[in-house]
Amino acid sequence: MTTTTAAPAVTRRRKSKLGWNLIGLFVVATIGFPVYWMLNTAFKPAKDAIDPDPHFFPTTFTLENFKRALEIADFWGPVGRSLIVSSAVVLIGIVVGMLAALAISRFAFRGRKIVIVGILAVQMVPLVAMIIPVFLMLNDLGQYDRLTGLIITYLTFILPFTVWTLRGFIVNIPKELEEAAQVDGCTRTGAFIRVVFPLLAPGMVATSVYGFIQAWNEYLYALMLMSQQNQTATVWLSNFITKNGTEYAPMMAGSTMMAVPIVILFLLVQRKMAAGLTAGAVKG
């Protein structure tokens, strides 16, 4: 009787698992197809990229598109500037954001709720709405067409996200862990360094990667605030749009090369990234 009853339940679980697996595969295919098509176009001859009857699988592989991408305009300069800006934004953002998140999460002070609401409100403002005030402010400060000005600008929308995300991780770390460390002789700073910081590290990695991607992929401010000589990698891609039309195959080759730093970053921090995305913060 028990075996007869259990069999339908096992079958239902298997069907449910199969259904979720199929949905997962569909989502992965939907998200991954644009990346595949970018790679497909990057390695096919330029004439095939504008073929009205495209092939799902490339029939001929070529590296000419990458050669053309490197020839059409300086590549390493924009990539280097993007790396400098993105890295600086992440480093500054994670340090300031962690301290701000710690203050909001652990200390009670007047106006605390207003600060939290303000952080949320800032993230709701469309970036395009701030382009003119930001331009005028940077121009008055002498930071127009400077990497420092672009870094400050990026911090205005990446820092609120960093504070809000890290606050969520810190809130999930019980205060009792810090109190126990202080009872054992640690100062408040020592308790944070020895107890909270190790638990917070995966969340910091996940937040840093997201902030890096935001800064790396940003286009509007980089276009409006930087000259042609100081353009970043995303703006560099606009060089493939010429008076004779868009060179799609070299553009996809350039996009592929631009994606390499992000891929390398993910490979380096994938374990911490996965832990940060799935973490409650209490371990052990």
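**View 1. Lys44 places its charged end over the ring of Trp37.** The distance from the charged end of Lys44 to the ring centre of Trp37 is 4.9 Å. A charge is taken to sit over a ring if NZ of Lys or CZ of Arg is within 6 Å of the ring centre and within 35 degrees of the ring normal. The model is predicted: local features need pLDDT of at least 70, side-chain atom pairs count only at pLDDT 80 or more, and totals for chains, interfaces and linings use all residues. Residues are numbered from 1 along each chain as its sequence is written, and side-chain values use heavy atoms, with hydrogens and water left out.

**View 2. Arg167 lies over the face of Trp164.** Here the distance to the ring centre is 5.2 Å.

**View 3. Phe33 and Trp37 form an aromatic pair in helix H1.** The structure holds 13 aromatic pairs. The ring centres of Phe33 and Trp37 are 5.8 Å apart and the planes meet at 25°, so this pair is stacked. Rings of Phe, Tyr and Trp (its six-membered ring) pair if their centres lie within 6.5 Å; planes under 30 degrees apart count as stacked, over 60 as edge-to-face and the rest as tilted. Phe33 and Trp37 are four residues apart in H1, about one helical turn. Phe33 is partly exposed at 39% relative accessible area, and Trp37 is partly exposed at 26%. Buried means under 20% relative accessible area, exposed over 50%, and partly exposed in between (1.4 Å probe, protein chains only).

**View 4. Phe75, Trp76, Trp236 and Phe240 make up an aromatic cluster.** The four residues are linked by ring pairs.

**View 5. Trp20, Ile23, Phe26, Val27 and Ile31 form a nonpolar surface patch.** The patch covers about 590 Å². Patches are made of residues with over 30% relative accessible area and no salt bridge; like charges are joined within 9 Å, and nonpolar side chains (Val, Leu, Ile, Met, Phe, Trp, Tyr) within 5 Å. Accessible areas come from the Shrake-Rupley method with a 1.4 Å probe; for residues, only the protein chains shown count as cover. Val27 is placed in helix H1 (residues 2-42) and is partly exposed, at 40% relative accessible area. Helices (H or I, at least four residues) and strands (E, at least two) are DSSP runs, numbered from the N terminus.

**View 6. Helix H3 (residues 64-72) has buried residues Asn65, Phe66 and Ala69.** These residues span an arc of only 100° around the axis, so they are on the same side of H3. The arc is that of the directions from the helix axis to the C-beta atoms. Glu64 and Glu71 are exposed on the other side of H3.

**View 7. Arg68 and Glu247 meet in a salt bridge.** The N to O distance is 2.9 Å. Arg68 lies in helix H3 and Glu247 in the loop between strand E2 (245-246) and helix H12 (248-278), so the pair ties together parts 179 residues apart in sequence. A salt bridge is a side-chain nitrogen of Lys or Arg within 4 Å of a carboxyl oxygen of Asp or Glu. The whole structure holds three salt bridges.

**View 8. Arg106 and Glu178 are joined by a salt bridge at 2.5 Å, N to O.** Arg106 belongs to helix H4 (residues 76-106) and Glu178 to helix H8 (residues 175-183), so the pair ties together parts 72 residues apart in sequence. Arg106 is buried at 12% relative accessible area, and Glu178 is buried at 7%.
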